Amino acid sequence: MDERHEEDCGCQEYNELSRRQFLTSAAAGVSAAAVFPAWLPKIVMSKNYASNRDIIVSVFMRGGADGLSLVAPFADANYYTSRSTIAIPRPDATAGTKGVNLDGFFMFPQAMAGDAAGNGGLMPAFKATDLLVVHATGQLNNSRSHFDAQRYMEVGKPVDPALVTGWLGRHLASIPPLNPTAPLRALGVANGLQKTLVGAPKTLPIADPTNYSVGGAAATQTQRLGFMQTDYAGAEEPLKSAALDATNTVNLLKTVNFAGYKTANNAVYPNTSFGRALRSVAVLIKSDVGIEAAQVDIGGWDTHSAQDPLAGSMFRTMQDFSNSLAAFYADVIATGYSVTVVAVSEFGRNVRENGSQGTDHGRGTVMFAMGKGIAGGRVITKNWPGLARENLESGQDLKVTVDYRDILAEIVQKRLANPNLSFVFPSWTPTMLGVTR
Amino acid sequence: MRPNETVAAFAEWESTLGRLVRRVTYGPTVAETTKATQLGFQGYLNYQLNYTRINDDAVETAVASKWPLLAQSSDVLFSSDAGQVRAQLQEATIYRAAFSQRQLYHRMVEFWSDHFNQDMDKVGYLLVADMRDVIRKHALGKFPDMLKASAHSPSMLAYLDQTQSRNTAPNQNYAREIMELHTLGVDGGYTQDDVAALSRVLTGWTIQGRGNFVFNPAIHDWTAKTLLGVTIPAGSPSLGQAGINEGEQMLELLVNHPSTARYISTKMLMWLLTPTPTETQISAIASVYKATGGDIKSMIRAILNDAWLPVAPMKLRRPFHFLVASLRSTNPTVTTMTTINGQLNNLGQGLFAWDTPDGYPDKIEYWAGNIVPRWGYASVISALNSTTSVAVDTTAYRAGSPDAAVDLIDQNFFGGEMPLVTRNALLTYIKGGTFNDTRVRETIGLAVSANAFQWY
């Protein structure tokens, strides 16, 4: 992907973007220029369709995940003084609920490591140096509103109400399809399209890919889909594209055998919405239907009360998170598929627990990257800011030392082979931290 | 896909009155269109606004008989089957929206239940009282009354962890969301310090027993607070119940705040008129809010005027709206609502199941891709002919020619303004096979699937 061509690459997405850029559509309440800004024509497209770039699975941990429980800094004494009832015991403690040492400073709780010996969960990926943890990370925008913080993290630019596309949407819009004939390039495993993917061509929300059908009598299905194509042909966007992509995708997914799928390496996906979503994504990747990105969400992180990362509410959420990703790792990544997984959350939580054995909205947290192309087996931070009160943001929160876009941008460029970083992350000059191999 | 854009209405939507009916109802049935034509634009809007004068006895009798738990107090519901309570509240909500003549009222019930969204997974039976005593009670009343009722609602206090908050360790969840989502809006001019201070003001607002509001002075933070330009002096536990006045004072400040007037006006404009209200429109409605003390009816009357409405873009029906519209158009005999309620989950908008307090999105770019579940639902509803659940009667459609059947679909599903492309495609389909019950049902399913049926 070293060759760069400034001229028109002739690919469909580029032409569509250019047209949207230069046409002022009277029907558009928001002009196309607001969606795809003026510098778009400088976008660089590779001619190389037969790419070796990774497929990306993007995970959003919605609700503000407590990074200090997910990857706990046991060697920072203030961790224990700040959390009298909800801290993870040190790896060298005698408690049955003790954590699992990662690097002498950070540890996984057992919900993330499988058990006290670290024999399950995300430990195999970490030990194989395919799982990277970034700590004290997050976004510059210091909103503690879930909705603002999620929005700007998904958009990929802080506090710009005019930007409505998502970073992954812009990535897909600025790179040729892996498979030019694929009817579906990306999916959000959700009822509605997540903001991360907004702006992506040939992309649909599909809550349950195993059951994506228009129903009714099989004998008339083709004829009825024909009605949809006729009726929606004159529809306004975005419904027109959605309907046409949908009719093609219905036919595509009919050919995929979800029910008969056998995982590799005896991987077992938890029967949770997150586990089922990753299983469906795995089937689609292995079916080679041209999927190059998936957005998957996992909720349950808004732990204002009774957080209990040792046995209760957050324990179960972390266990779902780690066991589902562990199954995906064993089933897909460990078997050699070129897939990168990233997981982010909109913010972390207060360092000190509140009076309800929970934590309120904070700032810095963790993010994860996983894949054969990720330089993992490490917890990286930029000068751990520490949990002493004088080192906390607003006296209460872990500081954000690494902008999450630095991590994503390096993955977009090095693993997804997209050179258009200033389009994917506008107004941001990323610092490459060596998170990819 | 070009996100966040507005979509101009179909050329066939020529009638301003028709646009009004689409905006204040869950779909223009023949009866509704006839009523509107009789009363005229203002007369019909007033008829829908003065909803208590619309006789709704038939619907409420059916609700009382099919879903009796909804009349019960929290003390009774506490020991009822949780799944039953949830199903009854969901099913009755769909039923009322579909079959009540008080259509605008139920459109606003939907709006406010998103504005004050709560997840039944967390609050359980408590939501029954909230829907009854906060949302349905005030949906067309005064916003300040509704906000205050919500702040005293056990369900809301449980949902946003206010019940966990106390002087020694205030929980900020409710204090944040009441400003961000319920009143001022995220850009309404409050700070993190204001959130922290309001959380201390509200300590002691909690619930007791099976779900009764109580102010508990023992866990109230009596120290002095400063927030939003107001200083609340230190008090003492000896003041007892008077400590609640700190919170009442702040609620009063919030409902009278200019940011609240703008925020509520903007949301109501987006709900009723356009995804992209102008500054002029927002200012105009905010002025009505200020002048009338947040009178919701007055605000709606100002929003749905015959100058703004004819040029307003279309809005995409969310799954709930879409499903309810299909019930109004197919007008089935309903014995039980279990099947229909399950279908709404498949469509992605299961009621009282959105887990975060912002409520289901009302954005085209969020829902536009979710089209296949709608097509799947359309083939289900059109085929339903069950005496134990839902029966759609197709006799009238089969009484004449295929052309007459499509004309009847136009009247029942599209208010007589069906786009030509849809008419032609339906005619092609209905004539493409034997004209029988199956073919008619499939054609009805396609009408529900059609582009024009997704908009209002």
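Good morning, colleagues. Please bear in mind that this is a predicted model, in which local features need pLDDT of at least 70, side-chain atom pairs count only at pLDDT 80 or more, and totals for chains, interfaces and linings use all residues. Residues are numbered from 1 along each chain as its sequence is written, while chains are lettered from A and ligands numbered from 1 in the order in which they are written.

Let me start with chain A. Of the 437 residues in chain A, 55% are buried. Here, buried means that 20 or more other C-beta atoms lie within 10 Å of the residue's own, exposed means 12 or fewer, and partly exposed is in between, with C-beta atoms placed from the backbone. Among contacts in chain A between residues at least 6 apart in sequence, 70% join residues at least 24 apart. A contact requires that the two C-beta atoms, placed from the backbone, lie within 7 Å.

Two backbone details in chain A deserve mention. A cis peptide bond, with omega about 5°, joins A:Glu237 and A:Pro238. A:Pro238 sits in the loop between α9 (221-233) and α10 (239-254) of chain A. The second detail is A:Val159, whose phi is near 50°, a positive value in a residue other than glycine. A:Val159 belongs to the loop between α7 (146-155) and α8 (167-173) of chain A, and it counts as partly exposed because it has 14 C-beta neighbours inside 10 Å.

I turn now to chain B. Its domain assignment gives domain 1 (160-273 + 277-312) and domain 2 (319-454); such bounds come from an automatic or database domain assignment. The centres of these two domains, taken over C-alpha atoms, are 40 Å apart.

Within chain B, B:Leu228 also has a phi near 50°, a positive value in a residue other than glycine. B:Leu228 is in the loop between β3 (225-227) and β4 (230-232) of chain B. With 19 other C-beta atoms within 10 Å, B:Leu228 is partly exposed.

Next, helix α14 (residues 258-272) of chain B. Its 15 residues should span 21 Å at 1.5 Å a residue, and its end C-alpha atoms are 21 Å apart, which agrees; the expected span is 1.5 Å times one less than the number of residues. The buried residues of α14(B) include B:Tyr263, B:Met268 and B:Trp271. The buried residues of this helix pack against α1 (16-24), α6 (103-115), α9, α13 (244-255), α15 (279-292) and α16 (296-303) of chain B.

Finally, how do the chains meet?

Thank you for your attention.

Technical notes. Helix = DSSP H or I, 4+ residues; strand = E, 2+ residues; numbered from the N terminus.
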